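Subject: Structure for your review

Dear colleague,

Please find below the sequence and the structure that I am handing over to you. My notes on what was found follow directly after them.

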Amino acid sequence: KKKSFTYPSFDLHWAPSGDVSKKADYSKKYLEVIKKLSKGASKFTVACDYDIEGEVIGMNCIKLACGQKDARRMKFSTLTKDDLVEAYDEASPHIDWGLANAGEARHFLDWMYGINISRALTLAVKSTGAFKILSSGRVQGPSLKILYDREKEIAAFKSEPYWQIYLEIEKDGKKIGAFHSKEKFTNQDEANQRFKNSLWKPAIVKDVSRNEFQQQAPNPFDLGSLQTEAYKQLGINPKETLSLAQNLYLAGVISYPRTSSQKLPDKINYNKILKGLSSNGNYASKVSILQSFGKLIPNEGSKSDPAHPAIYPTGLKPSDITEREHKIYDLIVKRFFATFGKPAVRETITLTIDLGGELFIAKGNRTKERNWFELYEPYVKLKEEEWPPFAPRENLNIKKLDLLQKETQPPKRYTQASLVTELEKRGLGTKSTRAEIVDSLYQRNYVADQAIRVTDIGMRIIDTLQKYCPDIVDEQLTRHFEEEMDKIMNKEMKKEEVLEEAQKLLTVLLKKFKDNERKIGEELKAAHHDTMQKENYIAKCPKCGGNLQMKFSKKTRMRFIACANYPECQTTFAIPQSGSIKGTEKKCSHCGQPIVSVFMRKKKPQEVCLNKECPGKKQEATTHPDVKVENGVESISKKCPKCGKPLVLRRSIYGQFIGCTGYPKCRHTEKINVNKDDNSGNNDSSLPEQEKKDSSA
């Protein structure tokens with residue numbers, strides 16, 4: 001039967017993944033094994049992750065693969081042997097049907113929304129004779145709307161001038177800055193007058209006050225706070241943080257990460273965990289501090305989760321984990337330590353300075369007792385101000401007195417981490433799906449950049465949906481269904497009632513959309529064209545002044561940069577096939593060709609010249625002991641240490657490097673020393689394997 005691509009469509013049912021997608025063909029073997037084993041089984045136990053997704057997977061396996069109506073249910077939060085044995089012995093006699101039905105309702109709701117709205121958007125563009133796959137969904141739409149609203153705020157923001165008077169004094173070699181006690185002046189005449197009042201006047205200490213306060217230890221990590229802290233401290237985005245944490249959980253070294261709890265379990269054996277962690281030399285000294293406390297009481301937060309406790313290390317020593325997994329593990333371990341720490345003692349010193357009757361305030365903070373700071377190192381980053389003593393009526397040495405003009409700033413854009421936090425605050429999505437939702441906005445090209453900027457197509461999709469069917473991006477409606485799914489979980493509603501309500505609502509919304517399909521399509525088509533023009537622009541062509549744009553060859557399946565005035569202008573540049581390329585409007589100091597920023601995963605951005613033959617990238621052959629030059633011809637005097645084939649000099653956008661002629665089977669590369677004053681690029685051999693592959697190709 002031919003699949004229809006139309007809407008509305010509510011014909012949905014569960015089917016084996018291998019029958020639906022060729023990519024999931026591997027799953028058929030697993031399904032057959034489960035079916036075969038179930039025929040001889042007398043007892044069935046579900047041991048999937050204890051959350052909505054896990055419960056739905058377990059229910060489907062039991063019902064559709066095993067042909068059973070129910071099963072025992074194990075509940076655990078770590079994959080340690082002791083916890084698993086206990087969970088098996090104390091398994092519930094039934095599946096958690098409230099959780100399973102709520103999970104199934106969520107799957108069906110997300111499918112109904114996602115498929116229908118995505119088809120509607122795509123078919124609207126198709127009605128204009130163009131083609132572009134677009135998507136939106138039950139949570140994706142409202143999430144994009146949050147970013148859209150922020151863009152509108154930024155666009156509507158009008159900067160207003162204000163003035164500040166800044167004073168800098170020096171004592172015992174320490175420079176201390178202070179601002180006028182009014183902080184900001186919105187009237188320039190008043191600011192000028194107060195500044196004149198302060199000029200040529202002695203700076204006298206009017207008052208020195210000290211305020212001591214306690215800074216409580218942090219709460220244990222839930223998933224949201226782990227994602228936020230990992231982004232802040234390590235620069236790892238929320239989606240990757242969840243993936244890395246899941247790997248650590250499967251390795252048995254941390255508890256289940258998909259939790260919204262900030263509370264540790266009552267039955268947890270802290271001493272056993274600390275004993276395990278003490279065997280790791282990196283943590284021995286911190287464990288020793290905790291063991292001196294006697295009874296350990298964590299500083300728990302208010303959030304709880306009926307399924308799982310806060311994230312904590314199990315005490316098992318990790319092995320064979322990646323560098324980035326180790327970073328997340330270290331953050332989790334030290335956060336666990338810090339929750340038991342005593343409050344840190346901080347002190348704020350406030351210095352009030354009199355200049356001719358005008359008062360200036362300087363504030364400094366310092367730590368008197370580190371306590372939990374020591375347990376959380378190096379993740380406590382606070383400014384420490386150690387000031388010399390001051391006495392009332394003391395004359396001070398003025399180093400600087402300035403009248404500063406500034407402007408108010410627009411609201412900041414969201415980052416991936418702060419958007420995940422915002423979605424949680426608004427009750428949109430789940431702890432497991434929020435990072436995926438944010439990532440999907442990037443994948444669809446609706447947003448760009450680390451400080452999240454909505455692209456033209458993203459803005460126009462929200463404009464269009466608000467104009468013709470605003471309920472699709474209404475977070476109130478999304479939250480309404482989230483509340484109803486909670487009622488299903490608590491057995492206060494049936495999933496059939498919720499799905500029937502959603503189907504009726506979507507039918508009405510989509511009829512409005514269908515009535516305006518051509519108009520919507522024209523708007524989205526124009527938005528897509530504008531977005532591609534902006535996002536693919538790199539720089540001005542050095543030959544004809546046209547626009548250099550990112551292009552993709554269907555023949556070679558490779559991307560490159562070319563002039564938009566082709567075929568009149570045939571300027572092209574080869575670029576790496578991985579990572580993001582952005583224009584900078586800068587020109588190379590060596591050859592005058594455009595410089596671009598290259599953003600590679602897990603690497604710092606690099607600015608490089610597009611010209612492979614740039615003089616700044618050419619190295620002296622003698623900088624590498626194995627490079628020989630005879631009659632102007634460069635050669636390599638040794639063979640590849642991996643495969644024995646000849647080595648050759650290669651050039652890429654990053655500069656020169658030595659590569660094996662056995663590429664692509666052999667990917668061996670060697671570094672050529674880069675001149676320290678060369679600012680046009682970096683050597684390929686310092687790059688990840690994917691980038692070496694791109695360069696060699």
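I begin with strands β11 and β12 (residues 547–553), which run antiparallel and are joined by 3 bridges. Strands and helices here are DSSP runs numbered from the N terminus, a strand (E) having at least two residues and a helix (H or I) at least four. Two strands count as paired if DSSP finds at least two bridges between them.

Please note that this is a predicted model, in which local features need pLDDT of at least 70 and side-chain atom pairs count only at pLDDT 80 or more, while totals for chains, interfaces and linings use all residues. Residues are numbered from 1 along each chain as its sequence is written, and side-chain values use heavy atoms, with hydrogens and water left out.

The sheet

The open sheet is made of 4 strands with antiparallel pairing, in the order β11-β12-β13-β14. The edges are taken by β11 (537–540) and β14 (572–574), each of which has a single partner strand, so one side of each is left without a neighbour in the sheet. From one strand to the next, the twist averages 35°. Helix α19 (residues 517–536) lies across β11 and β12 and runs at about 55° to β11. Contact means heavy atoms within 4.5 Å. Axes are lines fitted to C-alpha atoms, for helices over the stretch in contact, and angles run from 0 to 180 degrees between N-to-C directions.

Helix α5 covers residues 97–126, and its 30 residues should span 44 Å at 1.5 Å a residue; the end C-alpha atoms are 42 Å apart, which agrees. The expected span is 1.5 Å times one less than the number of residues. Of the 30 residues in α5, 23 are buried, and the helix is thus mostly covered. Buried means under 20% relative accessible area, exposed means over 50%, and partly exposed lies in between (1.4 Å probe, protein chains only).

α5 packs against helix α18 (residues 495–515) at an angle of about 10°, with the axes 10 Å apart.

Salt bridges

The structure holds 44 salt bridges, each defined as a side-chain nitrogen of Lys or Arg within 4 Å of a carboxyl oxygen of Asp or Glu. One of them joins R106 and E482, at 2.9 Å from N to O. This pair links distant parts of the chain, with R106 in helix α5 and E482 in helix α17 (residues 475–489), 376 residues apart. Both R106 and E482 are buried.

E482 also forms a salt bridge with R138, with the closest N and O atoms 3.3 Å apart. Here too distant parts of the chain are linked: R138 is in the loop between α5 and α6 (140–156), 344 residues from E482 in helix α17. R138 is buried as well.

E377 and R370 form a further salt bridge, at 2.3 Å from N to O. E377 is partly exposed, at 33% relative accessible area, and R370 is partly exposed, at 35% relative accessibility. Elsewhere, salt bridges that share partners join E422, K425, R426, E475 and R479 into one network.

Backbone points to check

Most residues other than glycine have a negative phi, and most peptide bonds are trans. A cis peptide bond, with omega about 5°, joins E377 and P378; P378 lies in the loop between α13 (372–376) and β8 (395–407). The peptide bond from Y7 to P8 is also cis, with omega near -5°, and P8 is in the segment before α1 (17–20).

D320 has a positive phi, near 55°, and is found in the loop between α11 (284–291) and α12 (323–338). D320 counts as exposed, at 82% relative accessibility. R393 has a positive phi, near 70°, and sits in the loop between α13 and β8; R393 counts as exposed, at 60% relative accessibility.

Yours sincerely
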